[in-house]
Amino acid sequence: MQKGDQAPDFELPDEDGVSRRLSDLAASGPVVLFFYPAAMTPGCTMESCHFRDMKAEFDAAGAQRVGISADEVEKQKRFSDKHSFDYPLLSDPDGTVATQFGVRRRFTRLSPTKRATFVIGSDLRVIEVIQSEVRMNVHADRALEVLKEYAAS
């Protein structure tokens, strides 16, 4: 999945088991969809908390934040509750959506999903792809920059 591509419209359960469809999320504005390797790990916690802490900035940009990993619904729920996340965490245990977005690893035992963020417009067109396995804060920071540039154009 690259900038300019049409994102697949998918449906997955969130941390409460509620089915969420990408097109429904995008109906009210851009979606920042960030894939992370595993809930409750240090790097993923840092990244997810940074997205949480930037709520006001993303709200001002009219964008929704959505996390997604291969973790089961129950683990996503524990992760969300522990860190008071105010955005959905989607469960993709078989990696179907990660595969569609090109972020599924070949060797899935330790870390099934690559860390990547997709800024997606209301038309489901990919506005930007952000990839960094080790710089956790770059995902939210760059996504916000992209949203500001997108709104200005």
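At what angle do the axes of helix 2 and helix 6 cross? I shall come to that pair after a word on the model and its conventions.

The structure is a predicted model, in which local features need pLDDT of at least 70 and side-chain atom pairs count only at pLDDT 80 or more, while totals for chains, interfaces and linings use all residues. Residues are numbered from 1 along each chain as its sequence is written, and side-chain values use heavy atoms, with hydrogens and water left out. Helices (H or I, at least four residues) and strands (E, at least two) are DSSP runs, numbered from the N terminus.

To the opening question, then. The axes of helix 2 and helix 6 cross at roughly 35 degrees and come within 8 Å. Axes here are lines fitted to C-alpha atoms, for helices over the stretch in contact, and angles run from 0 to 180 degrees between N-to-C directions. From helix 2, E47, H50 and F51 meet H139, A140 and D141 of helix 6, where contact means heavy atoms within 4.5 Å.

Two strands pair if DSSP finds at least two bridges between them. Strand 6 and strand 7 run antiparallel and are joined by five bridges; A116, for instance, has Q131 in strand 7 as its bridge partner.

What of the interior? Buried means under 20% relative accessible area, exposed over 50%, and partly exposed in between, using a 1.4 Å probe and protein chains only. A nonpolar core is a set of buried Ala, Val, Leu, Ile, Met, Phe, Trp, Tyr and Cys residues joined through side-chain atoms within 4.5 Å. The largest such core has 22 residues, and those with the most contacts inside it are V32, Y36, F51, F58 and V119. Strand 3 (31-35), helix 2 (42-53), strand 7 (126-131) and helix 6 (138-152) each supply at least two of its residues. Helix 6 gives the largest share, five residues. Another core, of 21 residues, lies apart from it, and includes A26, F35, F101 and L124. Returning to F51, its contacts beyond four places in sequence are V32, F34, F58, R65, Y87, T117, H139 and A140.

I now take helix 4, residues 73-83, which includes H83. Which of its residues are buried? They are V73, Q76, F79, S80 and H83. Viewed down the helix axis, these buried residues fall within an arc of 125 degrees, so they line one face of helix 4; the arc is that of the directions from the helix axis to the C-beta atoms. E74 and K82, on the other side, are exposed. The buried residues pack against strand 1 (11-13), helix 2, strand 4 (64-69) and strand 5 (89-91). H83 itself counts as buried at 15% relative accessibility, and beyond four places in sequence it is in contact with T45, C49 and R52.

Most residues other than glycine have a negative phi. M40 is partly exposed, at 33% relative accessible area. T113, in the loop between helix 5 (96-100) and strand 6 (116-120), is buried, with a relative accessible area of 2%. Not counting residues up to four places away in sequence, T113 touches F35, Y36, P37, A70, A98, V103 and R105.
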